[in-house]
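These are my notebook entries on one protein model. I record what I looked up, in the order in which I looked.

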Amino acid sequence: MSDQTLSNLLKEDRRFEPPADLAAAANVQEEAYARADADPEAFWAEQAERLSWDTPWSQVLDWSDPPFAKWFVDGKINAAYNCVDRHVEEGRGDKVAIHFVGEPEGDTRDLTYSELKDLVSQAANTLADLGVEAGDRVAIYMPMIPEAIVAMLACARIGAPHMVVFGGFSSDALASRIEDCQAKVVITSDGGYRRGAASGLKPAVDEAVAKAAEAGHQVEKVLVVKRTGQDLGPDGWNDDLDVWWHDSVEKASTEHTPEAFDAEHPLFIMYTSGTTGKPKGILHTTGGYLTGAAYTHWAIFDLKPDDVYWCTADIGWITGHSYITYGPLANGVTQVLYEGTPDSPERGRWWKIIEDNKVTIFYTAPTAIRSFMKQGREIPDQRDLSSLRLLGSVGEPINPEAYVWYRHVIGGDRTPVVDTWWQTETGMILISPLPGVTPGKPGSAMIPLPGIAADVVNEEGESVPDGSGGYLVLTQPWPAMLRTIWGDDERFKDTYWSRFPANAERPTPWYFAGDGAKKDDDGDLWILGRVDDVMNVSGHRLSTTEIESALVSHPKVAEAAVVGAKDEDTGQAVVAFVILRDEAIAEADEPGEGEDVVKELRQHVRTQIGPIATPRQIMVVPELPKTRSGKIMRRLLRDVAEHREVGDVTTLADSSVMDLISAGVSSGKED
Ligand code: WT7
């Protein structure tokens, strides 16, 4: 982020106090901060009591072998029992758990907690029949339909860690994740509805299963929900492998006794991008994760029994895990689950869903808010949004203008906006206002939650004074923290805990999140985005290296460098610089062929990773700017991509390179 943007941001002086009625009845009051500060372990133990434990823990936190934490040591718990059964047992079986809204208009379905319990039990029985045992990994690749949540909870119920892959990812991305965690079973559907049409998922699973087999890993079964009824083609069904959900789950017994698992039993793996090309399998465990997700959902969204909650994330991301499946269901909420895109069949679809279901709490991403802002307030103004009482934002820094628009147009100036900072790794929100306590400043995630120890520090690890910026760190463990990277403890230590290791002043290492942040004059936190080679496109994390590897795997590409450039709609956009191989250069020089190469490469990235990774621009360049040691200077490429004057080039091995690149760009060699 440039200094100019920074100082613009920090000139922001609008402030919104919590509404008096909300504040008076808020679930969490100011006293929580001091109480948690005085004894964080006692505070988290109190939050864990919100759940139903089979066996109580003997120790709240074991941090004797950092960075490997154990929370609620010796405790035993079943996550699915906590998300469904106990609500039924406590008399809330008829409460709606899920208002499902399919993308085709009129395609709705309500599921009560009793119905959800039956389905989860049936799916658990089916998975057991298919040979899945506690500890086995199950991949889930599904659209946003109730069965996706059922699948996750069925895995949790039998102690089989799930690994959900976003349905927009390609078969290659699915295959590498299946292989990395050695998934035994894949749960999918024939397809889902997107933008008014059936869009297939099963064919990608077939490809991924075949690729994994080539690499030596055989998936044993594929469980398939029939959602669209689309034709799977002559080779689209394999009787040895494939099992229909309606032939198995829906015929299984609804009786299933959940087994209690150790608090540290793996609950799920979620892959996310890092600074290298290989996605990291972030491992979350059971007791601490569920405590963190449930508490933060209740506290930050000030959840009340009659609320209707809607989080627009996909279950393929961590937000869908913590704030659709685990947090909300552990809290017994009624929530909306929407299958499709915001603009299908019309641009006001989301606002219609809020009106129809009288949604009271709404949680979405800045990129969506910006796109609605662009379309104009006439669209949401056509709907009655007066049921809303609280709005949330997640995924990237929210621009103050988008925040104010969100609060004003969607929230009618009644609703606080909670800007929630967290990550796949943190499992739960860590920095956010509490809506009844903390005022909102547009663009600021404000302060760490009670029980969370965060700071902004300089290179030496010294806390920076108010008014300055630095690295965002977490100085104490928290219950939903990642436990490791699947199969790679060393990478876990290196990636998160090596920047600020234990030393004389610091008895245990600090977690470095990869984000820069600034404290304003009041000490409130402004998250400034990533400081490493990771981009944030529409709230989704992508690694520059991962996309570079995809580009270089194309036969026409000799070298590639990828940067994240500022983008009005998506926050950041992928911009790629590629050097073609000699043969390809000759071809590209033919009239019209240059554009074809760019098209081909964009398509290649789509199939290798998925549409979200598609470069906004690919620039074919003769050279890349490198230091004498051969490191690509992405900073300079970012200058070009953001149309800035190119910065200091004195450390370049060949300083004329930037002239060549800039010349190529201005002569229009762009996509
Ligand atoms: C990265 C984590 C957490 C669920 C969605 C993304 C950025 C996230 C905020 C926010 C500023 C934010 C950070 C973080 N980020 N929320 N409220 N303000 N930045 O999960 O893919 O693990 O990405 O998203 O850069 O490190 P993720």
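**Entry 1: Aromatic rings**

I looked up F268 and Y289 and found that both are buried (buried means under 20% relative accessible area, exposed over 50%, partly exposed in between, with a 1.4 Å probe and protein chains only). I note that this is a predicted model, in which local features need pLDDT of at least 70 and side-chain atom pairs count only at pLDDT 80 or more, while totals for chains, interfaces and linings use all residues. Residues are numbered from 1 along each chain as its sequence is written, and side-chain values use heavy atoms, with hydrogens and water left out.

I then searched the whole structure and found 40 aromatic pairs. Rings of Phe, Tyr and Trp (its six-membered ring) pair if their centres lie within 6.5 Å; planes under 30 degrees apart count as stacked, over 60 as edge-to-face and the rest as tilted. W237 and W244 form a stacked pair, 4.3 Å centre to centre with 15 degrees between the planes. W237 is partly exposed at a relative accessible area of 25%, whereas W244 counts as buried at 16%.

Why is the pair of F268 and Y289 edge-to-face? Their ring centres are 5.0 Å apart and their planes stand at 85 degrees, so the pair is edge-to-face. F268 belongs to strand β14 and Y289 to helix α11 (residues 287-300), and the pair links distant parts of the chain, 21 residues apart. Helices (H or I, at least four residues) and strands (E, at least two) are DSSP runs, numbered from the N terminus.

I also recorded a cluster in which ring pairs link W63, F68, W478, F492, Y496, W497 and Y511.

**Entry 2: Charges over rings**

A charge sits over a ring if NZ of Lys or CZ of Arg is within 6 Å of the ring centre and within 35 degrees of the ring normal. I found R177 over the face of F169, at 4.9 Å from the ring centre. The charged end of R506 sits over the ring of W510, 4.5 Å from its centre.

**Entry 3: The sheet**

I traced an open sheet of 8 strands with mixed pairing, in the order β12-β11-β8-β6-β7-β14-β15-β23. Two strands pair if DSSP finds at least two bridges between them. β12 (242-244) and β23 (484-485) stand at the edges with a single partner strand each, so one side of each has no neighbour in the sheet. Strand β15 (residues 280-285) runs antiparallel to β23 and is joined to it by 2 bridges; here I282 stands opposite I485.

Which helix packs on the sheet? Helix α7 (residues 146-158) does, touching β6, β7, β8, β11 and β14, where contact means heavy atoms within 4.5 Å.

**Entry 4: Cores**

A nonpolar core is a set of buried Ala, Val, Leu, Ile, Met, Phe, Trp, Tyr and Cys residues joined through side-chain atoms within 4.5 Å. The largest has 118 residues, and those with the most contacts inside it are L116, L153, I187 and Y326. α7 gives the most to this core, with 10 residues. Another core lies apart from it and has 51 residues, including V224, L241, V598 and V620.

**Entry 5: A covered helix**

How many residues of helix α16 (residues 400-410) are buried? I counted 9 of its 11 residues, and the helix is mostly covered. Among the buried ones are Y403, W405 and R407. G412 follows α16 and has a positive phi, near 55 degrees.

Notes:
Axes fitted to C-alpha atoms, helices over the stretch in contact; angles between N-to-C directions.
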